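Student: Hi! Could we go through this structure together?
Tutor: Happy to, let's bring it up.

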Amino acid sequence: MEASLMVTSLVSDDSSPDYPGSIKRGAGVMGLKNVRHPILAAKESLLRTGSRVNGSEDGGSMHPQLVAPYVEMKAREWGLEFMPDEWFWTQRRWDEHLRGLREEPEPVSFSQGTVGCVCLDMWGGVAVATSTGGRTNKWPGRIGDTPTLGSGFWAEGWDVQCNTVEDGEEGEGGGLLDAVLGGCLSFFNSRERSRGYASLPMDVPLERGLGEKMVMCSSPENRVKRRAVAVSGTGNGDSFLRVAAARTACAMVRFSERTPTLADAVSAVAGPGGELQRSAGGRWGVTGEGEGGIIGIEAEVEVDKDTGVPVSGVGLGRGKVVFDFNCGGMWRTWVEEDGNGNDMENVMVFREPY
């Protein structure tokens, strides 16, 4: 089993050095066999940095990735729950394993078995957690995208200057990423395509066109935008590794001169015709390569340039949920506010509601 966890914040790390994850932002664990909740092993690995707390070490290290059996030994020291081998056995997965050994086709398209979660809390903390059992009948020693930073998961926050381009104006150039990707990825520069996201109410609107910068600061002289994103992927992990899918999507948002939304970037990577599908080449639709989807969340807040502290009165717990996929469906749930400010739960599998 494999799992990972990564965090960032709408509050600058410089203004909150003790914020969880401000020192070590991501951790992945792999090769687990008996830890009941692999995601808790990733959590402990993230929070335990080897630094001294009250005069004693916390039993961790700065290593962002750890593999069993050593990490399971550490998990016992950390007090995590363990279960015997038979607790993890299911008839359905055993039958799938046997069909794979006999090279028989699957009667139906099973889910990939990866579970991911992205969230934004009331303090502006953004986190992504992902857990998986890996591919059926994988080779011994194979490491997937789920515990690999930048492939199956990613989270980061950064500051955006407010006075670079006036609202609605075109920038002088598209930037390096636009120049490289704009000509070959239709999703990256098309204003007309359908965005794969569900909108959550924001104190400051997030949806901006690809030719616009986020320049809505009320006082550009002493304020900047603090922006944060987090994504989690599911699907053919080998393909996610080949294109560093999670980090690629986030880098499009951060480093493009024209500042696309996270929804634009997720579709450019995981949507129909995106980078994942392109990576399969002529094997697309035959071997399962390139198939998958990404969920994510993005948020922004206006902060004081000198202190990094959010402007008073601006909610930190508002963001935008995004998702897209290139296969038959992707099971996903999310919570958003209705018109009366009440939480509303949503569940979808296919692209259109049913």
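**A lysine and its partners**

Tutor: Let's start with a side-chain pair: Lys-74 makes a polar contact with the side chain of Glu-77, at 2.9 Å. A polar contact here is a pair of N or O atoms within 3.5 Å; within protein, one must be able to donate a hydrogen and the other to accept it, and residues adjacent in sequence count only if both atoms are side-chain atoms.

Student: What kind of model is this, and how are residues numbered?
Tutor: This is a predicted model, where local features need pLDDT of at least 70 and side-chain atom pairs count only at pLDDT 80 or more, while totals for chains, interfaces and linings use all residues. Residues are numbered from 1 along each chain as its sequence is written, and side-chain values use heavy atoms, with hydrogens and water left out.

Student: Where is Lys-74 found?
Tutor: In helix α2, which covers residues 70-77. Helices (H or I, at least four residues) and strands (E, at least two) are DSSP runs, numbered from the N terminus.

Student: Is Lys-74 buried or exposed?
Tutor: Buried, because its relative accessible area is 13%. The cut-offs are under 20% for buried and over 50% for exposed, with partly exposed in between (1.4 Å probe, protein chains only).

Student: Which backbone oxygen does the Lys-74 side chain reach?
Tutor: That of Gly-59, at 3.3 Å.

Student: New topic: which residue does UniProt list for "active site"?
Tutor: The unreviewed UniProt entry lists Thr-114. UniProt positions are given in the numbering used here, feature names are shortened, and annotations may be inferred rather than shown by experiment.

Student: And where is the place of Thr-114?
Tutor: In the loop between α3 (91-101) and β6 (115-120).

Student: Why does Thr-114 count as buried?
Tutor: Because its relative accessibility is 19%.

Student: What does Thr-114 touch?
Tutor: Leaving out residues up to four places away in sequence, Thr-114 touches Thr-130, Ser-131, Thr-132, Thr-146, Gly-233 and Thr-234. Contact means heavy atoms within 4.5 Å. With Thr-132, the Thr-114 side chain makes a side-chain polar contact at 3.0 Å.

Student: Zooming out, how many helices and strands are in the chain?
Tutor: The chain has 9 helices and 14 strands. Of its 354 residues, 48% count as buried.

Student: How much of the contacts with a separation of 6 or more comes from residues 24 or more positions apart?
Tutor: Such pairs account for 71% of those contacts in the chain.
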